[in-house]
Amino acid sequence: TIPRGRLRSLTPGCDFAPGLAHFLRSVFQSDDEVMASNSSVAEGSAARKEPLHQMHIQKDGGLNPALARPSLREYLSSKENKAIMAVSAGNALEWYDFALFGFLAPELSQLFFPPMDSAVALMHTFLVFGGAFVVRPVGGVVMGMYSDMYGRKAALQLSLVVMAVATVMLGLLPTYDQVGSMATLLLVACRLAQGLSVGGQYSGAMVFLVESAPPGNDKLFGSICFASGNSGSMLGAAVVALFKSTGFMDKVTLMDYGWRYPFIASAGLGVAGYFLTAKAEESPHFKKGISSGNLAGLQDQARSSLPPPSIGQLLQEQGRRILAVTGVSVLAPAAFYTYYIFLPAFQSTMVTPTPYWNASSMTTFMLFISVLLMPIVGRSADTMGPGGAEWWMTRGAIALAVASPFLFIGLSSGNYFMSFGAHFLATVALCAYTGPLAAWLVKAFDPSSRGGALGLAWNISAAAIGGTTPALATYLVERTGWNIAPGLFVTAAACVSLSSLLLFGHIQVNSRSR
């Protein structure tokens, strides 16, 4: 539904072609811009005694260039805003690196730990995997404050460098057979460095993309952050699947040295991501804040006088807001790690046996569907105007809260078609929630402190939920014997996020009344 403000400039009497062209052009404007444009045109129309709709159309039937706004396609093709695609590519490469560890966990468990039961070794490897989530809040705050001081682009470049170096070093590590326990310690160190990097990069990419969006397209651009992250995870899964295929590399070669190649390949990907991001223009909000003195930062080697807020100041001044945003963020990692990370292992080992290839390929396909759906939801939220994000997020959360236990009945049935249908419905509901989520999160904080505040709020939820969800879901199934237990966990997370949305609305009302 397009808000009425965007339709006011379309009046009866316009020919179909120019009227439709103007409508499509107006969709990519914010409501305020359209109303302001209509107001100024109406004044000119009254002075010239010309109908309002004729002021938009030239004699040759085209749009008046003085009133026309650049389309989204023109915006994306402009030199300075090709940076949006560069940042998205960098985000995908970052998540390729971060996901490799999980996809190669069975091999790493045999290479970096002393001889033990394979299940115990795998559990130890997943503990190292989860360790990255523990340090994500630290990375989010540090990189966020860095971005508030030195710029969004500089922080993204630093995150890419840290991730690439840590991932390449992981591929060059000696194994347990070579250096003993030192190999385990080095593995932990590399994984923690990856956690610090992704903690700052993901929230930083959200801020950059939303702040760089053209008017009325912030939710679409924010959705690209989640979509590009999912595409990076898909790339990692595809590369590992290729290396594990018997036609490409046998098991002995993979365990000997083949496992190193996907990690070492990050060197080239990291260089590409760095230079793609280097071509990016700084976030318009950040540059505007520097020029007006509202933000602390460096631009063309000029530092403003205001330092970024410290962690203590953030908690003191925005503690309730950070708490509410953390709660709103809970559902995204809870549902993602349940339906895309835990599910393949659950279907192949814990219920009626499903070949791992089928479970894994289904998950990969659903990730692909999510990459397509999230921008569609984000664009829809933009066209709905104010309140569009809340409209989609509320309905997505309610759908996950109500349906998740029932979806796990299908997911645990052992029937491929029932499982596919249940997984598809879960993906649609999750995309409804995450499509406009990034823009909502960024706009929840003031530009002067949103890098640090969002980095803290988002990564607390990612650390508390994302790193523990697979293990917790496994424990719930084994403890209760209920296959729907993971669905009940998602239901609880959805209730937390819905309550937090209401709490944030209450905070907003109180802040406006002061």
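1. Start at Ser118. Ser118 is exposed, with a relative accessible area of 57%. Ser118 belongs to helix H7, which covers residues 118-134. Ser118 and Pro106 are 12 residues apart in sequence, and their C-alpha atoms are 8.4 Å apart in space.

2. A word on the source. This is a predicted model, so local features need pLDDT of at least 70 and side-chain atom pairs count only at pLDDT 80 or more, while totals for chains, interfaces and linings use all residues. Residues are numbered from 1 along each chain as its sequence is written, and side-chain values use heavy atoms, with hydrogens and water left out.

3. Now the whole chain. The chain has 25 helices and two strands. Helices (H or I, at least four residues) and strands (E, at least two) are DSSP runs, numbered from the N terminus. The chain has 514 residues, and 54% of them are buried.

4. How far apart in sequence are the partners? Take the contacts in the chain with a separation of 6 or more: 79% of them join residues 24 or more positions apart. Contact means heavy atoms within 4.5 Å.

5. Look at helix H11, residues 181-211. H11 has 31 residues and reaches 46 Å from its first C-alpha to its last, close to the 45 Å expected at 1.5 Å a residue. The expected span is 1.5 Å times one less than the number of residues. Why is H11 described as largely enclosed by the rest of the structure? Because 22 of its 31 residues are buried.

6. Helix H12 covers residues 218-244. Its 27 residues reach 40 Å from first C-alpha to last, close to the 39 Å expected. H12 is mostly covered too, with 21 of its 27 residues buried.

7. Phe103 lies in helix H5, residues 83-103. Phe103 counts as partly exposed because its relative accessibility is 27%. Which residues does Phe103 touch, not counting those up to four places away in sequence? They are Ser233, Gly236, Ala237, Val240 and Lys244. Phe103 and Val240 are 137 residues apart in sequence, yet 6.7 Å apart in space, C-alpha to C-alpha.

8. Leu104 is in the loop between H5 and helix H6 (105-111). Is Leu104 buried or exposed? Leu104 counts as buried, because its relative accessibility is 3%. Leaving aside neighbours within four places in sequence, Leu104 is in contact with Val240, Lys244, Trp259, Pro262 and Phe263. Trp259 is 155 residues from Leu104 in sequence and 7.6 Å from it in space, C-alpha to C-alpha.

9. Asn459 deserves a look. Asn459 sits in helix H23, residues 450-466. Asn459 is buried, because its relative accessible area is 0%. The side chain of Asn459 makes a polar contact with the side chain of Arg136 at 3.0 Å. That side chain also reaches the backbone oxygen of Gly455 at 2.7 Å. A polar contact is a pair of N or O atoms within 3.5 Å; within protein, one must be able to donate a hydrogen and the other to accept it, and residues adjacent in sequence count only if both atoms are side-chain atoms. Beyond its neighbours within four places in sequence, Asn459 is in contact with residues including Pro137, Gly140, Gly199 and Ser203.

10. Next, the rings. The count comes to 18 aromatic pairs. One of them joins Phe336 and Tyr337: the pair is edge-to-face, 5.2 Å centre to centre, with 80° between the planes. Rings of Phe, Tyr and Trp (its six-membered ring) pair if their centres lie within 6.5 Å; planes under 30 degrees apart count as stacked, over 60 as edge-to-face and the rest as tilted. Both Phe336 and Tyr337 are buried. Ring pairs link Phe101, Phe129, Phe133, Phe336, Tyr337 and Tyr340 into a cluster.

11. Tyr340 also turns up beside Thr427. Thr427 touches Tyr340, Met366, Ile369 and Ser370, not counting residues up to four places away in sequence. Thr427 is in helix H21, residues 416-434. Thr427 counts as buried, at 0% relative accessibility.

12. Last, the cysteines. The count comes to zero disulfides, a disulfide being a pair of cysteine sulfur atoms within 2.5 Å. Cys190 counts as buried at 10% relative accessibility. Cys495 is partly exposed, with a relative accessible area of 40%.

Terms used. Buried means under 20% relative accessible area, exposed over 50%, partly exposed in between (1.4 Å probe, protein chains only).
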